[in-house]
Amino acid sequence: MVNAAGKFGPYNQPGPERAASVTGVGHARALPGSGQSGSELVRSRIALRVRLATLIPGDRLPDVGVLADELGISEITVRRALEGMCQDGLLDRRRGRAGGTFIAPGWDAVVALLHNEEEAASLDAFHLLLECGLVAHSSGEVPPEQLERLQALVTEMDVAEDPTRLLELEARFHLDLAETLGGSGIREFAADLLGRLCLLQPVPEPAMVRAQNRCHAELLAELGRGATDPAVRAVKAHQRARLG
Ligand SMILES: [Zn+2]
């Protein structure tokens, strides 16, 4: 096995396993986020980077070896995943001296074709449980300076005009929240979920993200005073804002 097994690996499951339903019950792979294949990991991490605007359409991807190291999976798995993404139209491969693998200019349009409401709902429900659990687990124990870092993101979101920037900050808030409340391993776990959701869920409207940001503010206020139940309610209200 070439799998370097990420913290929540094994990521190098053979292809057919990918078809396993995330809604399954009584199966080791039933937990969304815990059993994605190496290919899915590559896809979801690239999708997350596009959401975080660390990669934008037209950008050249890092070399295969760099991606493999970063993700803790084999180069051949990365190569195979990139080929699949090229076939889907998410990536472009260009030959020659200035060649390489690039985020396709039509990334957003292609992603829109990949949306899967059922799978998204399942992952979204799991993400909600993760955040509720983290909030209940650490309520009253979060150092104020760590909440300030999250508060800075909320303030920035309040004034962000650019929809892309707003989406980027929204994703950052949830990654930083996971890290603040659960540590760096949980941040990686949240990144798995959020990256996959980037490919499965329609991009939220700016008005919706702003409504969600009011839930962020409420959550931080309640966490600050150690009020567990209201903090959990703010996490749930955040999800309801998405469901409309
Ligand atoms: Zn949010």
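Analyst: On a 1 Å grid over the protein atoms alone, a cavity is a set of points where a 1.4 Å probe fits but cannot get out, while a pocket is an open set with protein on both sides within 12 Å along at least five of seven lines; lining residues have an atom within 4 Å of a point. This is a predicted model, where local features need pLDDT of at least 70 and side-chain atom pairs need 80 or more, while totals for chains, interfaces and linings use all residues. Numbering starts from 1 along each chain as its sequence is written, and side-chain values use heavy atoms, leaving out hydrogens and water.

User: How many helices and strands does the protein chain come to?
Analyst: Helices here are DSSP runs (H or I, at least four residues), as are strands (E, at least two), numbered from the N terminus. Reading from the N terminus, the order is α-α-α-β-β-α-α-α-α-α-α-α. The tally is ten helices and two strands.

User: What share of the 244 residues in the protein chain is buried?
Analyst: Buried means under 20% relative accessible area, exposed means over 50%, and partly exposed is in between (1.4 Å probe, protein chains only). With that cut-off, the buried share of the 244 residues is 48%.

User: Which residues lie closest to the centre of the largest cavity?
Analyst: The structure holds two cavities of 30 Å³ or more. The largest has about 330 Å³ of space, where a volume is what probe spheres set on the points fill, with points joined across faces, edges and corners. Two or more lining residues come from each of α5 (117–138), α7, α8 (184–200) and α10. Of the 20 residues in the lining, the closest to the centre are Asp124, Glu170, Leu194, Gln201 and Arg242.

User: Which elements give two or more residues to the lining of the second largest cavity?
Analyst: The second largest cavity has a volume of about 40 Å³. By class, the lining has six nonpolar residues, three polar and one charged. The elements that give two or more residues are α7, α9 (206–224) and α10.

User: Which element gives the largest share of the lining of the second largest pocket?
Analyst: About 320 Å³ of space lies in this pocket, and of its 16 lining residues, Val50, Arg51, Asp108, Leu167 and Val203 are nearest the centre. Twelve of the lining residues are nonpolar, two polar and two charged. Two or more come from each of α1 (38–51), α4 (107–114), α7 and α8. The largest share, four residues, belongs to α4.

User: How far apart in space are Leu153 and Leu169, C-alpha to C-alpha?
Analyst: Leu153 is in helix α6 (residues 144–159). At 9% relative accessibility, Leu153 counts as buried. In sequence, Leu153 and Leu169 are 16 residues apart, and in space the C-alpha to C-alpha gap is 6.7 Å.

User: What is the phi of Ala53 near?
Analyst: Most residues other than glycine have a negative phi. Ala53, in the loop between α1 and α2 (64–71), is partly exposed with a relative accessible area of 31%. Its phi is positive even though it's not a glycine, near 60 degrees.

Conventions: Nonpolar A, V, L, I, M, F, W, Y, C, P; charged D, E, K, R; others polar.
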